[in-house]
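Please consult the sequence and the model shown below.

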Amino acid sequence: GHSIALINGMDSVQNAPLANAHNLDLVLQGVAARMDKKRDVLFLYLSSHGAKDQHLSVSFWPLRLNDLKAARLKEMLDKSGIQNRVIVVSACYSGGFLDVLKDDNSLIMTASSRDHVSYGCGDATQYTYFGESYFVQSLAHGNSFIRAFSDAQKRIAAREKSEAKDSSAPQIHIGKNIEKKLDL
């Protein structure tokens, strides 16, 4: 009762709302109405294909959906009034989202820097390199978002090096107020 998933997939279209900017905006407004916007913490995880101009793909053929731009996400979050935010963006070039979203009340983690791709996305994989390293191997065995990110960075770097891939350079921003809120 404390989470919602927006998914664009043929196997989930009957059971989950579509992942698009309109639905995300509605979800954020609904969550904001049910939480203490000054005390509670929003955890928002976004995973998709990313582009160099700071947007995430929300494609779902045959529908023509507008991609989610970093500036639009910031507008939605600000409009919601939710102050304390933990945001994870798993996509190529996702560091550009960090540049737009960072503030004193947010912890933001991205799978790559603004000018690098991330790896592992595809029909044959359950997790991206970042998703597996952060959620499965690191965060599942601890309770600190920041320590898990540091551990995941090391795991990803070692994997990329062993596979002779360019570094994805995952990024983190720790706002001074959210750091106190999460008691890190």
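Val88 has Met109 of strand 6 as its bridge partner. Strand 5 (residues 84–90) and strand 6 run parallel and are joined by five bridges; strands count as paired if DSSP finds at least two bridges between them. The model is predicted: local features need pLDDT of at least 70, side-chain atom pairs count only at pLDDT 80 or more, and totals for chains, interfaces and linings use all residues. Residues are numbered from 1 along each chain as its sequence is written, and side-chain values use heavy atoms, with hydrogens and water left out.

**Strand 6**
- Five of the five residues of strand 6 (residues 106–110) are buried, so the strand is largely enclosed by the rest of the structure (buried: under 20% relative accessible area; exposed: over 50%; partly exposed: in between; 1.4 Å probe, protein chains only).
- Ser106, Ile108 and Thr110 lie on one side of strand 6, and Leu107 and Met109 on the other.

**Ile174**
- Ile174 belongs to strand 7 (residues 171–174) and is partly exposed, at a relative accessible area of 33%.
- Leaving aside residues up to four places away in sequence, Ile174 touches Ser106, Leu107, Ile146 and Glu179 (contact: heavy atoms within 4.5 Å).
- The C-alpha atoms of Ile174 and Asp104 are separated by 7.5 Å, at 70 residues apart along the chain.

**Helix packing**
- Helix 1 (residues 21–34) packs against helix 2 (residues 70–80) at an angle of about 20°, with axes 9 Å apart (axes: lines fitted to C-alpha atoms over the stretch in contact; angles: from 0 to 180 degrees between N-to-C directions).
- The contact involves residues including Leu24 and Leu28 of helix 1 and Leu73 and Met76 of helix 2.

How values were computed: Helices (H or I, at least four residues) and strands (E, at least two) are DSSP runs, numbered from the N terminus.
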